[in-house]
Amino acid sequence: MSVISGVVAGVAGLVAAGMFQHDFIIFPDYKIISGLIVLVALAVFIFFTIQRGFLFGLVALSSVLGTLSAVLGTLFRTLPGVGAGAFVMALAVIATLAVAVAVGVVLAVTKVKIWIMALVESLAVAVAIGLVLKVVANLSLNLSLTAPENVVNQLWKLIGAENISRALVALGKAGNFGLFLAILFAIIFVFLGGYTGWYSLSSDEKFAFTRGLIIALAARSGTTFEGSNLTEANFTGATLKNTDLRAERITRTDWSGGKEISLARVGKSYLQNANIRELVITKKSINQNFDGYQMRGVNLSGAKLVDASFIEADLSEANLIYADLSRARLVRTLLNQTNFTGATITGAFIEDWGITSETILDEVKCDYIYMHLPTKEDPDPCRKPDNREEVFAEGDFADFIYPLSKTLDLYHDGGVDPRAIAIAFHQLVENHPEAEIEIVSMERRGLEGDKFLIKTKTAPGVDRSQLSAEYFSDYKRLKEIPSENLLRILAQKDRQIRMLTNMVNTTLNRAEVEVNHPQAEPLRRGGKRVALIIGDGDFDRGFSVILQIGEDGALPSTGIPGRLDPNLQIPQEYQRWQSSYAKLGTHFRAMKRRETQVKNVSIGEDCRTAALRLEQSLNSWMNSETFHPIQMTLSEELMRTDEVRIIVQTEDNLLRRLPWHLWDWFERYRKAEVALGTSSYRRVERSTPLRNQVRILAVLGDSRGINTETDRQLLKSLPDTETVLLVEPSRTQLDKHLRDELGWDILCFAGHSESQPDGESGWIYLNDEESLTIEQLKNALSTSIERGLKMAIFNSCDGLGLARRLALMHIPQMIVMREPVPDRVAQEFLQNFLTAFSGGKSLYASAREAREMLQTLEDEFPCATWLPVVCQNPSEVSWTWQEMREIGQLKVQEVLKELQGAIAADVYLTPEDKAEALEQVQVLVIAAQNPTEKEVQRLGKTAIRYLRGMVDELPNTARLVGEFNRLLPKIAQLLGLG
């Protein structure tokens with residue numbers, strides 16, 4: 001490489017020198033001196049390469065060369081000679097880089113002295129210059145010396161470049177001065193490359209590019225650990241020169257005393273930072289700044305880190321055993337699984353440091369700590385212990401600091417209501433005895449002392465996030481209750497709640513206020529809605545695709561087009577799988593049995609093999625290059641913690657039948673679930689039902705050969721639910737119930753059903769004599785949807801045709817089985833789905849959980865997880881069980897507001913009677929908000945009786961009598977207090 005770089009430098013020097021010769025400049029068509037452009041560009045390149053590194057020099061060279069050429073070319077309307085100049089620049093860059101790499105690699109790998117390399121390169125320069133000039137001289141002897149243009153033409157034929165040929169001929173005629181100039185230019189290039197190569201082996205970041213090239217080449221001759229797991233490996237004192245350290249993990253690896261690690265290939269790990277390399281080698285850093293550094297997994301055991309700053313650095317999984325962190329700044333430092341055993345952290349600043357329950361603080365040495373990093377606005381560092389004459393006893397610091405990460409912290413941000421806190425906390429303790437919740441402390445927080453924090457101890461392993469969410473849900477609900485009615489509820493409670501209320505009041509009235517630091521922002525609520533709109537096309541021509549992404553319930557914020565390639569393999573693989581699935585011998589919830597059904601182990605294996613082939617074909621299709629922009633956009637716009645519902649909108653029957661959940665994208669996004677949608681949809685205006693429970697119409701159809709009793713028992717056992725069962729009803733009975741004026745939230749059918757092969761329609765079997773298509777129920781179903789029907793579940797076979805027809809009626813969402821379903825699979829899915837859904841999980845999370853739980857049955861029922869699929873109206877939000885249960889709340893408020901207005905306007909009631917009547921209305925408001933609390937419901941019934949008695953005492957001519965008689969039955973019916 002030294003010889004090659006010398007030759008390149010020599011040729012560059014020749015051409016550059018030739019461009020300054022008289023015979024090159026005097027050509028008639030040259031109106032500018034291109035050699036000056038070369039000189040200026042070279043000067044800029046050399047200057048910036050030395051000052052800022054090779055890459056910066058290259059950028060500067062390009063900018064100057066382009067600018068000068070454009071300006072002078074425009075000014076003189078010609079650019080002859082610029083080609084030769086560009087050639088010189090290119091050779092200069094190549095020569096510099098080649099020399100730099102040659103010098104760097106030789107110095108890194110061998111013990112050859114740099115002067116030997118310089119000698120070799122100088123000889124190469126001389127040989128290159130001599131050979132080129134020899135060629136020019138030979139041509140000059142063969143041609144008339146008075147006709148240099150002939151020599152130029154001959155060279156032109158040899159090398160194919162006129163301006164370069166002119167430069168070389170001009171140099172040949174110039175004599176010794178031209179030769180001197182050529183050698184000078186060549187030596188400049190060689191020395192610039194040598195300088196770059198020499199300094200590339202230092203830690204100067206401006207030479208990072210060339211250092212990377214040099215080390216990558218040098219490491220090929222050394223030991224490699226690429227892809228290895230070097231967790232807790234010991235490289236103490238090792239010489240790491242030319243070693244490939246691009247390991248998969250270097251967590252807690254000991255590099256102390258390592259030699260020449262700067263010449264190792266370290267990849268993207270923390271070792272790429274020179275300051276961190278120096279630290280892990282020397283384990284000494286006094287008053288050094290590591291703010292914001294990624295230092296996950298570093299081994300700093302025994303390190304001297306006095307006064308070091310790690311503000312917002314990541315020290316998770318780090319080994320800090322016996323490290324001295326005295327007065328270190330650990331502000332907002334990530335410290336998950338960090339080992340501080342025996343470390344000294346006296347005087348450290350730990351404002352919002354990120355310790356977790358997995359941070360190890362055994363035997364930590366700490367006399368005192370600072371909870372706040374002083375600023376000009378707030379100079380108080382908040383020392384602990386507060387008494388400056390006091391220090392932590394041995395072991396006290398860990399006991400002091402651990403509760404900050406292991407307690408359940410119930411933080412109330414303003415507007416604190418002690419009575420609501422007391423009732424909500426008591427309810428939490430009663431609901432979760434296994435959590436062993438115990439109050440540790442109560443504290444006022446915030447600069448104004450208007451915040452409130454309850455710290456509680458819990459049993460190990462409990463879900464503190466779930467407990468916190470449940471507590472604050474109850475607390476917010478209780479805060480909305482008027483104070484006089486809250487007092488009424490509180491009066492019915494036991495002495496323990498009243499004591500807790502007094503404790504909260506005492507805490508809030510205490511003079512001492514511990515100032516808390518700003519809390520982290522709450523996690524974003526809600527989920528994402530993704531639409532894959534698959535347009536015209538087929539598997540012969542491919543399909544057009546539009547991706548839309550937005551917040552659930554909002555308009556899309558992102559949209560891009562894409563395409564799915566032609567793929568004839570997918571229809572073939574699907575038909576092969578469907579055929580093998582149909583041959584499985586099992587109890588399907590379909591009336592027609594295929595004659596090919598035979599129970600055979602080999603058939604089950606055939607089905608699994610066909611399923612695997614279809615899955616592979618589907619993923620190959622989805623990972624095609626034309627679909628890649630959509631894949632990238634999904635990765636950029638969605639976080640893996642997002643709850644995502646992906647709606648595949650298509651009219652193609654085969655696309656609707658594909659197992660989209662097997663797309664490997666779903667393996668990375670565990671909170672995502674797929675649904676089918678249509679291209680045509682709209683949102684139906686629905687009336688607000690007068691009820692406070694989830695209403696389910698459960699239709700148990702023809703049960704020949706299957707067992708629907710399990711479905712029946714499950715549907716009857718759901719909480720906060722009014723379930724009406726129709727067992728093998730007639731068409732007239734079903735039609736009548738669908739039109740019920742109170743409306744339904746869920747329609748659930750269990751029994752036999754089928755779809756047409758083209759997926760356009762389907763039918764259900766009501767009893768052993770009647771079957772119905774969806775079209776035959778169109779009017780009744782449309783009425784039911786207008787009265788609030790939000791979901792239909794067809795726990796029966798082959799339901800995509802049913803879903804297609806129901807979608808035309810714009811029902812919000814459905815769940816069907818995409819193929820014939822075994823009886824046991826249908827039962828397990830319905831039970832798991834309704835358990836999760838009624839337990840508070842979203843419809844999509846519940847559907848995915850219930851579908852994946854079917855995997856335990858796949859030894860007996862292959863592809864059971866393929867069967868359930870959600871079908872979604874794209875214009876609708878995804879309803880939750882809680883939203884269905886509380887759908888009547890708005891109606892309650894309207895009716896009670898009417899009642900309050902009628903009472904206030906009545907002329908027969910005394911002021912005292914009006915006040916009492918309005919108080920009873922407030923009790924009904926509380927009853928509406930707490931339908932499951934027996935004590936509140938009892939008070940609601942008392943309020944109804946009181947108001948009815950008041951009505952009876954009024955004259956029949958009083959307007960309030962008519963209003964009471966109109967509104968009270970509605971209220972009693974809605975609240976279930978009749």
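**View 1. Leucine 213 counts as partly exposed, at 33% relative accessibility.** This is a predicted model, and we start at one leucine on its surface patch. Leucine 213 belongs to helix H10, which covers residues 208–218. Together with Leu55 and Phe209, Leu213 makes up a nonpolar patch on the surface.

**View 2. Helices H23 and H27 pack at an angle of about 10°.** H23 takes in residues 709–716 and H27 residues 823–838, and their axes sit 10 Å apart. Angles under 35 degrees count as roughly parallel, so H23 is roughly parallel to H27. Look for Thr710, Asp711, Leu714 and Leu715 on the H23 side; they meet Gln827, Leu830, Gln831 and Leu834 of H27.

**View 3. A cis peptide bond links lysine 384 to proline 385.** Omega here is near -5°. Most peptide bonds are trans. Proline 385 is found in the loop between strand E2 (383–384) and helix H12 (396–401).

**View 4. Aspartate 307 has a positive phi, near 65°.** Most residues other than glycine have a negative phi. To find aspartate 307, go to the loop that runs between helix H11 (274–282) and strand E1 (369–370).

**View 5. Glutamine 337 has a positive phi, near 65°.** Glutamine is a residue other than glycine, too. Its place is in the loop between H11 and E1. With a relative accessible area of 34%, glutamine 337 is partly exposed.

Key. Residues numbered from 1 in each chain as written. Predicted model: local features only at pLDDT ≥ 70, side-chain atom pairs only at ≥ 80, totals over all residues. Heavy atoms only, no water. Patch = residues over 30% accessible without salt bridge, like charges linked within 9 Å, V, L, I, M, F, W, Y side chains within 5 Å. Areas by Shrake-Rupley, 256 points an atom, 1.4 Å probe, with all protein chains shown as cover. Salt bridge = Lys/Arg side-chain N within 4 Å of Asp/Glu carboxyl O. Helix = DSSP H or I, 4+ residues; strand = E, 2+ residues; numbered from the N terminus. Buried < 20%, exposed > 50% of the residue type's maximum accessible area, 1.4 Å probe, protein only. Axes fitted to C-alpha atoms, helices over the stretch in contact; angles between N-to-C directions. Parallel < 35°, antiparallel > 145°, perpendicular 65-115°, else oblique. Contact = heavy atoms within 4.5 Å.
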